[in-house]
Amino acid sequence: MAERDRAVHRIPEILRDAGWTVCLVGEEQSGKLAQVTAGLRRGPDPSGSGKLITSGFSYWGLESTVAWAHACNDLYYPVMRESIASFSRRWRGLSERLPDGPLHYVSLGPGTGQKDQALLRSLDSRGRCGCYLPVDVSAEMLRLAQREALQHLHVPPADVLPVQLDFSMPANLDRLGTLVRSTVGDEPVVYSLLGNTLANFDSDTQLLALLAEKLLRPQDRFLLEVAGTAGQDEVAARAAAQEYENSPRFREFVTSALLQYTDLQIDMNSLTCEGHVEDDRALLVKVIYRNRTGAELELTLPDRSTVPFPDQDTIRLLLSRKYTRAGLEKMLVDARVTTVGETHEAGHTSFDRPAFGMTLLLLAKGDGVRPGGPNPFD
């Protein structure tokens, strides 16, 4: 036991070499591959509601990680690029509403790490930066995010703990909550889910409620970033879809998962982004790959089994949303969280483009949010 203790204590010294990254793997990775395969085995559906690659697996693997980093810098993909560029300004508007004392930061889906760097820098400049725990299903994404997030910061290696884990699963959140509490004790934690990641999940409200229930204590805060819309009609839905469709780098990113998990020969003309009105709560965008060959294809999956891919059948590669104000407020109430503060970025508008933007919310555990409030995208 003493030998093992000495080895563990040496790790912070080893990590001063930037070439090393320590990562806790929180679940069996072969099980994740089975989930991917199950999604691609679903029956035919020309509407984009059959076969799918579920959220998280679009970013799983080296090729997908590199493709995502390129997409975030694409001039033709303003959704993410503008969100990253404006984050520091929007975050400054909320940072004064944080609890006093040292703060630990748990980033759920850190992406490229640029937003985490802005948040950590603001804490570091005030001497309030505690532990940093980025959490993602992709080990490659964690390494990318950690390298970017910690550039030019004074966070000790012993205070950085990347965790490879699918945070959308209840059992995993139980384990993550135990890990965080064991690490920080009673000191407050800031959790984050940025980049409109929540909108990528079919059951977005249920996921937010689960995160609040499993992770948040009264002293903790949750930083949530979502995309918003003032308009909610077919014209606005089509404009929302075009934001994704116009980016060559984004198209390369979403099809990278198909290249990784199937033997499909990719035809970019078969990729479409479809906008829909989702009741009164959001604009919903489906990014789908459709078989337009006029013949039935056969897909080979990661386990070497095959599934039919009939003509006009689809594979949903990504799901996203832009929330209305009413839809966002109802989601927060249903998730039983309360709003401590919020900032907005209206984004660019033109005569033929509805008012889209990003909302950054600082949340706490509670019974709901205040009703009403203006729509920041009007």
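The cover over the buried residues of helix α6 includes α3, α5 (114-125), β4 (129-136) and β5 (163-164); buried denotes under 20% relative accessible area, exposed over 50% and partly exposed in between (1.4 Å probe, protein chains only). The model is predicted: local features need pLDDT of at least 70, side-chain atom pairs count only at pLDDT 80 or more, and totals for chains, interfaces and linings use all residues. Residues are numbered from 1 along each chain as its sequence is written, and side-chain values use heavy atoms, with hydrogens and water left out.

**Helices α6 and α3**

- Helix α6 spans residues 139-149, and its buried residues include Met141, Leu144 and Ala149; helices (H or I, at least four residues) and strands (E, at least two) are DSSP runs, numbered from the N terminus.
- Thr65 lies in helix α3 (residues 62-72) and is buried, at 4% relative accessible area.
- Beyond residues up to four places away in sequence, Thr65 touches Tyr59, Ser138, Glu140, Met141 and Leu144, a contact being heavy atoms within 4.5 Å.

**Strands β10 and β11**

- Strands β10 (residues 297-300) and β11 pair in the antiparallel sense over 4 bridges; pairing requires that DSSP finds at least two bridges between two strands.
- Leu299 has Val307 of β11 as its bridge partner.
- Val307 and Phe309 form the covered face of β11 (residues 306-309), while Thr306 and Pro308 form the uncovered one.
- The hairpin has 5 residues between the strands, and Arg304 takes a positive phi near 70°.

**Ala355**

- Ala355 belongs to the loop between β13 (337-345) and β14 (356-365) and is partly exposed, at 21% relative accessibility.
- Ala355 and Ala236 are 119 residues apart in sequence, with a C-alpha to C-alpha distance of 8.7 Å.
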